[in-house]
Amino acid sequence: MASALRTMMRPCGPVIDQDAAARVHEALAEGAGAVAVQDEALWAALAPVFSASPYLASLARRWPAMLIQVLDDAPQARLETILVETRALQGGASEVASPLRLLKAQLHLLTALCDLGGVWSLGEVTGALSRFADEAVRAGLMAVASDAYERGRLLIAPQPDNPVPGLFGLAMGKHGALELNYSSDIDVSLFFEPEVLEQAISERQDAQTFANRVAQGLSGVLSERTSEGYVFRFDLRLRPDPSSTPPVVAAPHALTYYESVGQNWERAAFIKARPVCGDIPAAEAFLKALRPFVWRRSLDFPAIADIHSIKRQIHVHKVDEGLAAAGANLKLGRGGIREIEFFAQTQQLILGGRDARLRARATCDALDALVIAGHLAADSAEVLKDAYARLRHLEHRVQMLADEQTHSLPHDDARRAAVAALAGEADLVAFDARVEALLKQVNALYGELFAEDEPLSSSFGSLVFTGVENDPATIETLSRMGFDDPETVCSTIRSWHHGRIPATRTARGRELFTRLAPRMLDACARSGAPNAAFTRFAVFFSGLSAGVQVQSLFLARTELFERVIELMAMAPRLARFLSRNPSALDSVLDARFYMALEIDSGVSAEIVAEAAAASDFEDAMNRVRRIQHEQMLRVGIQVLGGHAATITAGHAYSDLADACVRALAPVAMNETLRQGGAFEGRVAVIALGKAGSRELTAASDLDLMTLYAAAPDAMSAARGWGADMVYGRFTQRLISALSSQTAEGRLYEVDMRLRPTGSAGPVAVSVGALGDYYASEAQTWEFMALTRARVIWASDPAFEQEAASAIEAALRKGSEGRDLAGDVAQMRALMERERPAKGFWDYKHARGGQVDVEFAAQFLTLRDAAAGGALVTGTMEALATHGADPVLANAWHLQQSAAQLMGAAFENRRDPDDEISAFRQRLADVAGQPDFEALKSAIEAARRQARGELKRLLGRAGDGLPSL
């Protein structure tokens with residue numbers, strides 16, 4: 001070895017730490033290494049190594065005799081000796097742990113010197129590391145099995161070629177391809193055949209528990225750090241769905257997993273898999289059974305696109321200026337090792353099913369095979385192979401500094417200079433330039449090879465969601481996109497790729513999601529509230545019972561998808577609505593979805609027809625709910641998008657509620673008559689409050705009243721119910737039809753408290769009782785409420801007119817014998833005491849808010865009713881009809897505009913000051929204001945004017961109302 005180093009070893013860079021080299025020199029001189037330190041040519045080759053690498057220097061100082069032994073033997077002979085000694089280890093875990101660690105230290109000295117000196121090629125270096133890993137894993141498993149046998153848990157004495165019958169390990173990743181890097185962890189997937197293992201273990205434990213203990217023991221032998229270091233970091237996460245499966249997976253379960261929900265990146269992982277330890281025949285049988293999963297002879301276009309996605313998730317084009325050497329991730333970064341590996345593996349997956357020549361485990365072998373098969377130009381392959389070797393050499397030198405599992409060049413100049421020295425570079429500037437040129441070369445060629453593909457990265461950077469751990473570049477991308485917790489976002493998306501939600505449980509669903517994911521994340525970033533948008537999308541997406549149709553829709557209608565994400569960011573109500581009613585998205589395929597709300601789309605008639613065609617009461621409820629949900633989505637999106645004017649939106653929401661009542665009232669009546677028998681009588685449903693004035697928002701309840709007429713002695717045919725019972729049952733049925741939760745959700749909350757006598761009286765009111773009540777008992781506020789009463793359904797047209805006439809008659813006498821202005825002022829003062837405004841954004845109760853304007857409209861209506869003034873239910877119409885000052889209409893319109901948007905966006909009261917800027921601007925836009933601050937100023941001024949005008953209308957009675 002020493003002679004080989006003298007003659008073959010390339011000189012490293014300068015001695016950058018004289019003290020470190022001197023300490024090694026001293027340790028060798030004190031030991032048996034006097035000859036080595038006196039050999040000037042040899043020491044000239046060794047000193048730069050130990051001055052640049054604290055890790056190698058520590059090994060040499062601690063075990064100088066080990067270094068001399070490495071130097072004395074021929075490199076290949078020393079390697080074979082290390083492997084033989086590893087293979088010969090005997091005893092339990094505690095007995096093999098120490099010698100394994102010393103053998104690993106010796107191997108590291110050997111491979112480092114052979115690598116740095118150019119004595120071994122890259123393949124020989126990685127092969128030596130991988131062969132030792134094989135022997136270490138086998139020795140560790142044999143030791144753990146020996147312990148289990150000594151304790152009576154394993155009934156069969158362990159044999160070197162099969163320590164635990166039925167249990168086997170597969171070397172995965174670089175270990176499987178014999179490409180381990182210098183400080184690599186080793187990826188091993190452990191499996192067991194239950195029937196075989198059960199015969200080999202005691203009855204005190206089940207096979208799964210025993211297998212898990214073996215994995216735990218093996219990990220301890222290899223990974224636990226002692227005073228002598230560790231052997232390998234042992235990674236079991238390349239097993240099926242590692243977050244939800246035990247460390248050792250039953251082989252039948254694993255095969256079922258791969259056949260049903262296995263992903264293309266897992267197919268890529270198995271390209272490199274090979275049996276490494278345990279029951280080797282069982283391992284070979286398992287890999288044979290997996291061949292149809294890994295090597296598919298025929299692929300459809302979506303599957304090919306999904307395979308290509310493995311590489312297209314890497315961002316080819318620069319995110320910022322240039323590719324800097326400082327901090328460059330040689331494995332996962334742009335222009336790094338992964339880009340070369342991804343190219344080779346994706347071509348293997350697509351073509352290897354029909355061409356077995358392409359099934360090479362090693363990356364460079366795969367590139368050569370692609371050239372031979374005519375799928376890659378020879379010059380491109382040579383560039384990639386040369387770059388691969390140079391990147392791997394650099395990776396090894398980074399890891400030799402401190403034996404850390406890192407792939408990034410240090411940011412610190414001094415540490416990066418040490419890497420440069422190990423690479424034979426004395427000039428850090430020149431070293432950095434060469435590294436940057438190499439990374440750019442790989443990244444550029446990577447982009448050229450796949451320029452025709454749809455990118456699955458982002459303008460912000462790479463978005464890679466393959467594998468079992470979060471990709472560092474992707475975490476950085478998500479941080480740049482504005483996500484506060486990129487780790488959670490990344491883990492969530494990878495879990496979706498694993499098929500853990502219904503939307504991605506099928507292969508087609510996962511293929512579609514691969515394309516959808518980057519678009520979704522980009523849309524979240526552009527929304528201005530990426531965290532809220534993603535969280536709400538996650539709830540919606542996780543709740544889908546299936547995902548192919550919705551994802552296909554989003555991919556086909558990208559503008560709709562981006563709008564949905566944007567609205568989810570600013571409108572939790574919409575997000576929650578879609579989570580509860582994802583099928584409502586089907587309506588976007590209907591051309592009527594995009595029609596202006598002012599145009600009659602025929603939906604109201606469709607709702608009534610659907611209910612009439614239902615097979616029973618519940619079927620009618622569900623049919624109406626499905627259409628109502630679609631239309632609520634339609635109106636909500638137009639409101640949130642600023643495409644629907646204030647009054648138009650109120651009319652649209654109200655017309656939809658009217659249609660639901662008109663559809664379900666006959667069904668409720670039929671159900672009542674089915675139970676009680678035929679009945680002679682008539683009934684109408686009256687809308688009150690905002691339903692009556694056609695000013696509903698997405699957040700509004702329905703204020704209703706039922707009015708009936710029947711002969712005093714009328715009785716139902718079957719049960720002998722009187723009119724109050726029949727129409728009380730009808731009312732209860734109608735309320736249930738509107739408000740009950742069914743498989744399709746609910747429609748509205750229904751409030752009956754505005755009927756005569758309120759919650760204390762019967763739920764259905766006769767026409768006579770209505771007239772009597774308003775003639776003798778009703779208070780002024782009840783007449784005010786009645787000004788918005790509107791018949792929305794009646795059992796026959798004649799009774800519809802009769803009910804309307806009864807309401808009109810009551811209103812015409814509403815002001816008789818009353819101090820109308822005083823009562824209105826008193827009522828407003830009482831409301832201000834009992835229900836004060838909850839902050840500036842309480843549109844309803846704020847002084848000068850909606851209640852003030854509505855009270856003014858109702859006062860004017862009642863004041864003029866006795867003289868034959870027009871009776872209209874809408875606030876704006878009433879103000880215009882009765883000649884109110886425009887300041888009232890302005891205040892109402894301004895605040896109703898904001899209320900419409902707030903109602904569409906939020907389920908509970910929210911403060912717009914706390915919302916994202918995009919929502920605040922949208923709020924200003926719908927109210928016709930240039931910006932949010934202007935909106936607040938406009939509302940404040942409008943309220944001051946509205947309160948002043950209400951006080952003026954009420955005259956002296958209004959003096960007691962405080963001004964703004």
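What is the mean pLDDT of the protein, and what share of its residues reach 70 or more? The mean is 90, and 95% of the residues reach 70 or more; pLDDT is the predictor's confidence in each residue, from 0 to 100. This is a predicted model, in which local features need pLDDT of at least 70 and side-chain atom pairs count only at pLDDT 80 or more, while totals for chains, interfaces and linings use all residues. Residues are numbered from 1 along each chain as its sequence is written, and side-chain values use heavy atoms, without hydrogens and water.

| Element | Residues | Mean pLDDT |
|---|---|---|
| Helix α1 (lowest) | 2–8 | 52 |
| Strand β1 (highest) | 167–172 | 98 |

Helix α25 (residues 530–543) and helix α27 (residues 558–570) have axes that come within 8 Å and cross at roughly 110°. Axes are lines fitted to C-alpha atoms, for helices over the stretch in contact, and angles run from 0 to 180 degrees between N-to-C directions. Therefore α25 is roughly perpendicular to α27 (angles of 65 to 115 degrees count as such). On the α25 side, the contact (heavy atoms within 4.5 Å) is made by Ala532, Ala533, Arg536, Phe537 and Phe540. Phe561, Ile565, Met568, Ala569 and Met570 make it on the α27 side.

Glu341 lies in helix α17 (residues 337–351). Glu341 counts as buried because its relative accessibility is 8% (buried means under 20% relative accessible area, with a 1.4 Å probe and protein chains only). Beyond its neighbours within four places in sequence, Glu341 is in contact with Lys174, Thr363 and Tyr388.

Technical notes: Helix = DSSP H or I, 4+ residues; strand = E, 2+ residues; numbered from the N terminus. Parallel < 35°, antiparallel > 145°, perpendicular 65-115°, else oblique. Buried < 20%, exposed > 50% of the residue type's maximum accessible area, 1.4 Å probe, protein only.
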